[in-house]
Amino acid sequence: MANVTDLQTKYSKLAQEYSKLRAQNQVLKKAVVDEQASSCSLKEQLKQRDQSLRKQEQEMDSLSFRNQQLAKRVELLQEELANKGDSPSQHGLETQSVFDEDLQKKIEENERLHIQFYEADEQHRRQEAELKARLQELEKDSEQHQAVVDGLTAKYMDTIERLQSDKARLEVKAQTLEREAKECRMRTEECQQQLRRCQSELNRQVKQSSSVIQEKVPFNDTKFSDYNSLNVPPHNRRHQLKARDVAGQALSFIQDLVAALLNFHSYTEQRVHIYPRDSSIEPISPLNQKFSQYLHENAAYVRPLEDSFLQLHQSITEDTVTVLETVVKLKSFADNFSSYTHFLQKILPYQLKSLEEECEAPLCTAALTAKNQELQSDMKRVTSVFEKLHSYINILALPSVRQDAVPQSSTSAVFTQLAACLHSLHDAIKEMSKHYNQKASLEQELPTVTQKLCTTSECLLGSLGSLTSGTAKIATFFSNNLDFFTSSGYSPRGSTAALNPLQAESMLANKKKAAAYMHAVKKPRPQSVPYREALSNRRILTSSTESREGLTQQVQQSQEKIARLEQEKEHWLLEAQLGKVRLEKENQRIADLEAQLAAALGGSPNSQAAAASTLSQSHEEAENEQKAAGKETTLCTSLVGMLCTTPTVEHVGDEESREQLIKTHYMARVGELTTQLQISDSKAVHFHSECRALAKRLAIAEKSRETLSEEVKLANQNITRLQDELATTKRSYEDQLSMMSDHLCSMNETLSKQREEIDTLKLGSKGNAKKNKGR
């Protein structure tokens, strides 16, 4: 409801802003209309001035025409005066004076009109310029106002659309919130009902259990720790699966660590033989010889670590109980780790002396000496860290030998110190790798460095990098699973005592007995069959057995017939191929004979007749040979259906062709088998790819299942949050309703009091009025 009130306040603010913008828009529209009206009036004035200007121009045209007429008349009068000469009369003088006066008047009037015309023209031009300038200004103002109006209109339209969309969205959101609130109310009611049912059910179960305990249980051994320790705890399958998984991960990390340690010791031995003296050129020092001999034995100390941990991993199964008291194979791993730690302590002095011998070399610089000293401190630190690890692993292996050797309260502290020691080992090996890298870069700058030394240094740096990454993985893995290591997976109910091996053995024996009992209980019983149904089934079984035997005989006969037909088919295929070869040979022979005949026809008629007789004889001989070959060929069929022909009179060419045909036949069979093999291989590859795709899809489905489970958790959290919000809003509404009801009660009381006062005043006013009337 708080969200709904926020939306309403937001909507009211937006409505107020919209009303303000609308009022401003009305003012701007009014200003634009006024400007448009003024521009229209100015346009009308301009039109009137244009009309007056045109009238004045017309008057000027008429005056100029009249002026021209007067000028012509003056010229005529001057000509007349010139014709009359020097004999003017009185009448001529009078007329001349009249004309002069008229002319003078016309000239004055013309001058006055010219002046008026010039002044009117100047005034008109000035007014026209002013009006044009004002019109331009007004047009500019109008354009600016129009642009402002257009911008404001577009802005207001966008604002209106946005407000409308916001309003619609807010309405939809309000509806969804109301719907969700209703759903939450319903869910709350359902949850309350379920809670009531659960509470009633739990109360009933508690009463029943307490009555059963009081009536049926004479002695409760879980109250006393001494007796409770004799109870066998239940088998924790999840703990076993987790222990198996953790042991498998640790085994992979131990294998990587063992490989890195083997490479480190082997490449260190190889470096001792190369630097500072090359053993192929001159003998190395006795110290390095002894150091190399010890390093050569590293596999005897490193390999047992992997083998013993592999045995430890194999001993942890789903059917076992994995605690420190029952993991017997951990003792062998601790012994092997102890032997490897002694090996490191044995080779440590030789390592330090070997580095000192490198510092005494003639080409050893001060920087190399400093790096060697840093490596000496690093090796001492690594050896000390391995000694600490050996101590902690021995402590963890003691409970499997002696039950009361390590208290259970101290186990978590040992695991925590072991995790810190593993991180210290990683830091020490990381520092040693860094110093070795710096040392190798300094050695490459020496003039006497060889390619063999550079290669060995690179291999040694690679093994140190593997050691660094392996120890980092082990330290991270141990820290991540520290809670699992420190937790007690098995203990009797209501007790924190440790599980001893005898209890573990008893628990596993009870588990096997329970599994056998459940298997025996769940064994399905055979169903009974009625007598008549059994008789009918027996008849059907007898008839079906007889029919099955007959069908079996028919199938065998059909298979024999099919095999025989296959043999015949192969025989006739070979015969057809042989016939085809013979036909080709005969065709070749006929072609040769035709060529001979054509050559003979080119000679005498006797020779042609001889050639024809020779041709007929050759045809007869070929037919006789073919018949003889057909009679003298013996056939024999083997189990595979292969036809073997034993010719008696055939030529060598026929034998070769027959062999070639048989070879072709078997090559075809081999090709078919190869094709079938390729098809089967392709199918296998296809099935393999499908399996991989299915595995990937399974992994994706698992991931999606995990994400969906997380989403379900988040949804449940949201539901609980909404339920809390609903409860708070419900409480607030109830408080508001109670306050409103109190307020209404108080208002009703005040109204009733006011009504009583009004009634008393009315009664008092009526009594006064009656008294006044009586007077």
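A nonpolar core here is a set of buried Ala, Val, Leu, Ile, Met, Phe, Trp, Tyr and Cys residues joined through side-chain atoms within 4.5 Å, where buried means under 20% relative accessible area, exposed means over 50%, and partly exposed is in between (1.4 Å probe, protein chains only). Keep that in mind, and let's walk through the model. It is a predicted one, in which local features need pLDDT of at least 70 and side-chain atom pairs count only at pLDDT 80 or more, while totals for chains, interfaces and linings use all residues. Residues are numbered from 1 along each chain as its sequence is written, and side-chain values use heavy atoms, with hydrogens and water left out.

Start with the overall picture. The chain's secondary structure comes to 15 helices and 2 strands; these are DSSP runs numbered from the N terminus, with helices (H or I) of at least four residues and strands (E) of at least two. Of the 775 residues in the chain, 24% are buried. Take the contacts (heavy atoms within 4.5 Å) with a separation of 6 or more: 82% of them are between residues 24 or more positions apart.

Now for the core itself. The largest nonpolar core has 65 residues, and Leu330, Phe333, Tyr340, Met432 and Leu467 have the most contacts inside it. At least two residues each come from H4, helix H5 (286-296), helix H6 (299-315), H7, H8, H9, helix H10 (451-480) and helix H11 (482-486). The top contributor is H4, which gives 14 residues. Look at Leu467 for a close-up: leaving aside neighbours within four places in sequence, Leu467 is in contact with Leu257, Ala260, Leu261, Phe264 and Ile429. Apart from this core lies another one, of 7 residues, including Tyr275 and Leu453.

The whole structure has 9 cavities of 30 Å³ or more. On a 1 Å grid over the protein atoms alone, a cavity is a set of points where a 1.4 Å probe fits but cannot get out, and lining residues have an atom within 4 Å of a point. Grid points are joined across faces, edges and corners, and a volume is the space filled by probe spheres set on the points. The largest cavity holds about 150 Å³ of space. It is lined by 14 residues, and Phe264, His265, Leu344, Val382 and Met432 are the closest to its centre. Helix H4 (237-272), helix H7 (329-359), helix H8 (366-397) and helix H9 (408-443) each give two or more residues to that lining.

Next come the aromatic rings. The structure holds 12 aromatic pairs, meaning rings of Phe, Tyr and Trp (its six-membered ring) with centres within 6.5 Å; planes under 30 degrees apart count as stacked, over 60 as edge-to-face and the rest as tilted. Tyr301 and Phe343 are a stacked pair, because their ring centres are 4.7 Å apart and their planes are at 15°. This pair links distant parts of the chain, with Tyr301 in helix H6 and Phe343 in helix H7, 42 residues apart. Tyr301 is partly exposed at 22% relative accessibility, whereas Phe343 is buried at 1%. Both belong to one aromatic cluster, along with Phe309, Phe333, Phe337, Tyr340 and Phe386.

Finally, stop at His313, which is also in helix H6. His313 is buried, with a relative accessible area of 13%. Not counting residues up to four places away in sequence, His313 touches Arg244, Ala247, Gly248 and Leu251.

Definitions and conventions
On a 1 Å grid over the protein atoms alone, a cavity is a set of points where a 1.4 Å probe fits but cannot get out, and a pocket is an open set with protein on both sides within 12 Å along at least five of seven lines; lining residues have an atom within 4 Å of a point.
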